[in-house]
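My entries follow in the order in which I looked.

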Amino acid sequence: MDAINPCPDAISFRALAALHQHALVETDGASQEPLEHPALQELQGLLEQYGQLSQRLLAELNAQAPALKQQRSARQLMALGALQAHLQMGLRALVASEE
């Protein structure tokens with residue numbers, strides 16, 4: 001977005017659906033060739049580590065949920081829930097970036 005049309009803080013589902021309906025179709029320019037550039041290989045490794053760590057963190061948050069409820073305030077639990085939601089969205093985005 002630019003200064004004339006700044007990015008909104010929120011968007012309704014109806015407005016998002018209208019944007020999606022009128023969006024241009026992108027061609028898939030990504031090749032499925034192996035990554036040969038060292039920086040791209042490093043990035044791929046970091047993305048894999050992010051995915052693995054996020055999955056481990058989500059599993060541990062779920063496993064420790066009863067103990068967390070006893071030792072954390074309601075506000076802290078809400079913050080951890082938001083973190084959990086962001087981790088799940090990040091994993092979905094990671095999967096989508098690989099398709």
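I began with G81, which counts as partly exposed because its relative accessibility is 33%, where buried means under 20% relative accessible area, exposed over 50% and partly exposed in between, with a 1.4 Å probe and protein chains only. G81 has its place in helix 4, helices (H or I, at least four residues) and strands (E, at least two) being DSSP runs numbered from the N terminus.

I noted the terms of the model before going on: it is predicted, so local features need pLDDT of at least 70 and side-chain atom pairs count only at pLDDT 80 or more, while totals for chains, interfaces and linings use all residues. Residues are numbered from 1 along each chain as its sequence is written, and side-chain values use heavy atoms, with hydrogens and water left out.

For the overall layout I recorded 4 helices and 0 strands in the protein chain, in the pattern α-α-α-α along the sequence. Of its 99 residues, 10% count as buried. The chain exposes about 9,000 Å², of which carbon and sulfur atoms supply 58%; accessible areas come from the Shrake-Rupley method with a 1.4 Å probe, and for residues only the protein chains shown count as cover.

Next I checked the helix lengths, taking the expected span as 1.5 Å times one less than the number of residues. Helix 4 has 25 residues and should span 36 Å, which agrees with the 36 Å between its end C-alpha atoms. Helix 2, with 26 residues, reaches 37 Å from its first C-alpha to its last, close to the expected 38 Å.

Which residues of helix 4 are buried? I listed Q84, L87, G90, L91 and L94, and their cover includes helix 2. In helix 2 the buried residues are G51, S54, L58 and L61, and what covers them includes helix 3 (65-71) and helix 4.

L58 is in contact with Q84, L87, Q88 and L91.

The largest nonpolar core is made up of 5 residues, L58, L61, L68, L87 and L91; such a core is a set of buried Ala, Val, Leu, Ile, Met, Phe, Trp, Tyr and Cys residues joined through side-chain atoms within 4.5 Å. Helix 2 (38-63) and helix 4 (74-98) each supply at least two residues of this core.

Last, I turned to the surface. L19, in helix 1 (residues 13-22), counts as exposed because its relative accessibility is 55%.

Note on methods. Contact = heavy atoms within 4.5 Å. Lists of a residue's contacts leave out its neighbours within four places in sequence.
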